[in-house]
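Please look through the sequence and the structure shown below before reading on. The report that follows takes up a few of their features in turn.

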Amino acid sequence: MGVVERLSRLDRRYIFLAVAIAVTLPIFFPIGLPIEVTAPVKQLYDVIEDLPERAVVLISIDYDPSGAPELQPATLAILRHCFKRNLRVLVLGMWAPGVPLGMKALEEIAENEFHRQYGIDYVNFGYRPGGAIFLINLGRDVHDVCRTDVYGTPVEDLPMMDDVHSASDIALVISMSMGVPGSDQWIWYYHARYRGKLATAQTAIGAPRYYPYLQTGQLIGLIGGMKGAAEYERLVQTRGLATIGMDSQSAAHMLIIGFVILGNFIFWMQKRKR
Amino acid sequence: MRLQIPLTIILVMGIFTLVTSFIPAKPIADVNQMFRNWYIGIITFFIFLGTFNLARSNAEKIKKQGRDWQYSIILLAFLGIMLFFGFYRGRASTEEGQPFMYLYFNVQFPLESTMYSLLAFFVTSASFRAFRARNKEALCLLLAAVVIMLGRVPVGTAIWKGFPTVTEWIMNYPNAAAKRGIRLGIDLGLISMALRMILGIERSYMQ
Amino acid sequence: MLMTSGPWVWIAAMLTLAIYSFLYKDNPFYKIAEYIFVGISAGYWAIFLWWNYAYPNLFEPLAKGNYLNIIPIGLGLMMFTQLFRRTAWLVRFPLTFVLGVSLGLQIVAAVEGDMVPQLRGTFSPFSRGVLFGTADFWTSIGYIVLLVGVLSTLIYFFFSKEHKGFLGAGARIGIYFLMIAFGASFGYTVMARISLLFGRLHFLFSDWLHVIK
Amino acid sequence: MREPELRQLAKPDRDTVEVMRLKLIIVAAIIAVICNVDIADASTTPQVADSISILPPRIISLKDTPNDAGTSIDIEWELSPTESLIPGMIIEYQVLRAPSPDSTFEQVGSVPAGTSTYTDEGTIPNKPYWYRVAAVGREQQVVSEMAGPGHSVMQWFDRRRIGVAIFVALTCTLVMVFIEVAKRKGKMFLRRLPVFDAIDEAIGRATEMGRKVLYIMGQMDVDDPQTVASMSILARVAERTADYGTRLDIPCVWPMAMSMARETVKESYLRVGKPDEFNANDIYYMTSDQFGYVAGVDGIMMRDRPAANFYLGSFFAESLIFAETGYTTGAIQIAGTAEVDQLPFFVVACDYTLIGEELYAAGASLSGDPIQIGSIRGQDVAKAIFFVYIVAGVVLKLFGINWLETLLKID
């Protein structure tokens, strides 16, 4: 049996194995392909760069574990940037299953990497139900809708919240969003009422829909999918999950293209034989 | 009676919903909203009936010791566990930190996302065997797929800076055009089928 | 924390591996995972719908004195008549109610959400500038391609005449557009699929095995 | 963000800007004298500015919100002159409402400074309301003159959606007309789709190999027209399997769809004269969870190795999982769906695919029922009208005539 013949009967399990290897290898042996930073990501980075020290950034965790591969790296990169710039961070979320993800991110960056103090440098209010209504009330009176944090501590006992009362005390909102409630609500019910700077991170599927909001200025930045997160990681000069993930993506995409070429080569050889 | 009343219900409800979607006046809008709420409510019973059917068919399988009946015990056990932890503290049983959510996060979620991620493997095997330039049409399919793939990842940009731009153009124009044509056809097919059902011409769905 | 404590991670990891073992071949581990999945998901959806739809929309208002809700609850319970041969026809009542509302809505949604905006989007970008060169070259070409594509795909879906002559030529072009679109969509979704696999593999290597940070 | 500002300054009414700036300086100077602070600070610190009083806004109009249920009133006002004199002094406007001129006014809503309209969405149709608008600063607020009465009125037709109404009426009428024509004229011509031969071939092969046929009718219940379309194809498939004596396996996602499939298949077996060979247990409920169902069906494919797989109806992410698993088991695969996002996977991985509308047409064509064929003819005429509409729209637009486009506008 010739090589072509044998290849044409290639057991699919070898293909599966190749995919697993292509995605796994870059996790251990990074390729480090250059990642071009796109304008919407750079815009958000610049805004955070220009914020005065100790300004308050609100990060809204509006996703669940199924959005985590794409959105968690962006959350980590943004947190890293905020603490590097010595900003204060307020975390909350409109998706109940997202709470553990927010806690995990803060533990990793604020506690272990930057050793910031809870209650002074950052707070976490966990899941906040109510969607649009919650956002309307949040802009008016933060303390009223965030009475206790995720651990049950009353807001009065969190020194950081002493000078955070309404939308005007929050310098920037970033909605990490994969659906409803999420960025749409932040745009329509928070930004439309209280203005202030708003940015979003989206899954790759959701991102294209938000470009018009960038043009109108309702959003000051947009991070789209794993690629956008990788761009942000590059800006804050870390090799995070998304950067590794993009290597995996490149490898897997090239593998598929390789298989397409191989398939056509076999097809062409067989046709010539006949 | 067994046929006339149901046919009347579907006709009246169908026409009413269709026509009143253009009437914003409050009394009509309120009735519409009420019907929509009822609709959602009734639909949930479809699932309850399904769950009941599932339990019954697996119980029968165990009783008759049909093929793989041992696995049915596992199925019933997990169904039972989920129902128990979903109800045992009333509405609070689905809050964070409750066993119901632990089961969701650590059993259902990994199963679901792993099943979903199988697609990464199948996308590759399908590309290998099916993307072959048998004729001009197949060549179009193949080339479009390869160009778009290159336009999405850094390695593509490393090969040629223009790939992302070309990707965007293909997605915005030829791709959008064909999808639009398909959609227009589908809309018509849907409208005509829905209309036949409302008018009682198509009644194969009735048992 | 919900997602990192010991035994739970092991359970999640084992289930993940059990599903992947199917790629090698069907085996008892996959089968166990499969039956757990069917059982647990059926339970999850029943509970989810009960606490999020049926209870707040039907039963709670009823308890508060909205007696009209007896109608949908009654219709819903009629679903269960399907289980008995003699009463099975009663299912037609809830079924036709649901179908009537849903089909009526679907007709309007198809026209309003799809047909009208799609038709409009096809010719709305056209202006003299597009054809006579004041707009960006590739954008102009794009709009013309869009127009030709929509028209030829429409012809492809023409069933009452054989595809010969004008219709034949139109349908041929339509097929090329369909193929480009299918190829493009296929290529576009690869990334999201790989992301999912990357997510699972990362879970295995980091949360479970701790071989990477 | 910088661009619009520049444009504003370049506007012809530059004079007003200059005058305003002058006023601003004067006011700032007065404040500076009163409060004894530095002039440079005065115009930018609202706390200081609060010591002079805010000028009230003025309500211009109260109008019924058009095309709604009759439960809202649009309020428009002139901004308080203070806003342009001392930017930042006014924080927001509150809209106050009362059911009569002499009862107390209660707040119904608020908007940030710089906004001059508000829609009060809580009115009762045809009831009179009186309004005031308050300009609110950090420490003081000033209320406008009362305006009223305003009424909200119910509308019986949403005029913005006239285009939608026309197209609904048009398509429905066409379908109904051609159903009538078909009833009178009998059978009409319908192009033969290649998939028909494929169906026979697939079932024939399953019979030869002594394996069963697997039929999947998608993820949705009977309220999705695709599922009903799938039924008419199932009727034909079941006739064939009954003919050949091949087993037909149908795992279902929904109990209603399951009983519908049972009924359809039973009738088909009856039609070809083999009612005894019908086995209701081959058509069964599996689960309503998407991937739970996928896991189950994949298991069936690997264990029973059906020789022909049909995927007709609405499919989502599972499309490619089915098609690839089916391919490994060596089955002939025939697919069809109107879910646009899933078509690429079926087209790539299956032997035959019904694309979008073809799914609906195939059922009609296979049944040979003149009514169904008539409605397909109606759809075709609608498509021809769309074709002409688009071409005419483009041509007219080039001459600057836009009404074909305006008709389709929905806001």
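## Where two chains meet

How many residues of chain D are in contact with residues of chain C? In this predicted model, 45 residues of chain D are in contact with 43 residues of chain C. On the side of chain D that touches chain C, the elements that give two or more residues are α6 (162–185), α9 (255–271), α10 (290–304), α12 (343–349), α13 (357–367) and α14 (370–398) of chain D. The largest share of this side, 12 residues, comes from α14(D). Sorted by class, the side of chain D that touches chain C has 25 nonpolar, 8 polar and 12 charged residues.

In soluble globular proteins, nonpolar side chains tend to be buried together. In this model, the largest nonpolar core has 238 residues, and those with the most contacts inside it are B:L119, B:A145, D:Y215, D:C252, D:A257, D:A261 and D:A349. Helix α7 (residues 165–208) of chain C gives the largest share of this core, 18 residues. Apart from it lies another core, of 72 residues, which has A:L101, A:V123, A:W186 and B:V155 among its members.

One of the residues with the most contacts inside the largest core is D:A261. If its neighbours within four places in sequence are left aside, D:A261 is in contact with D:M217, D:L234, D:I250, D:C252 and D:I283.

## An antiparallel sheet in chain D

Strands of a sheet pair through backbone hydrogen bonds, either parallel or antiparallel. Chain D has an open sheet of 3 strands in the order β1-β2-β5, with antiparallel pairing. Its edge strands, each of which pairs on one side only, are β1 (58–64) and β5 (117–120) of chain D. On average, neighbouring strands of this sheet are turned by 20 degrees against each other, direction ignored.

Strand β2 (residues 73–78) of chain D pairs with β5(D) in the antiparallel sense over 4 bridges, and D:I73 has D:D120 in β5(D) as its bridge partner.

## Parallel pairing around strand β12

Is strand β12 (residues 308–314) of chain D mostly covered or mostly uncovered? Strand β12 of chain D is mostly covered, with 7 of its 7 residues buried. Strand β9 (residues 213–218) of chain D pairs with β12(D) in the parallel sense over 5 bridges, and D:G218 stands opposite D:S314 in β12(D).

Strand β13 (residues 332–337) of chain D also pairs with β12(D) in the parallel sense, over 5 bridges, where D:N309 stands opposite D:Q333 in β13(D). Together, β12(D), helix α11 (residues 318–328) of chain D and β13(D) make a right-handed β-α-β unit.

Key
Residues numbered from 1 in each chain as written. Chains lettered and ligands numbered in written order. Predicted model: local features only at pLDDT ≥ 70, side-chain atom pairs only at ≥ 80, totals over all residues. Contact = placed C-beta atoms within 7 Å. Nonpolar A, V, L, I, M, F, W, Y, C, P; charged D, E, K, R; others polar. Core = buried A, V, L, I, M, F, W, Y, C linked by C-beta atoms within 7 Å. Buried ≥ 20, exposed ≤ 12 C-beta atoms within 10 Å, placed from the backbone. Pairing = 2+ DSSP bridges. Axes fitted to C-alpha atoms, helices over the stretch in contact; angles between N-to-C directions. Right-handed = clockwise from strand over helix to strand, strands pointing away.
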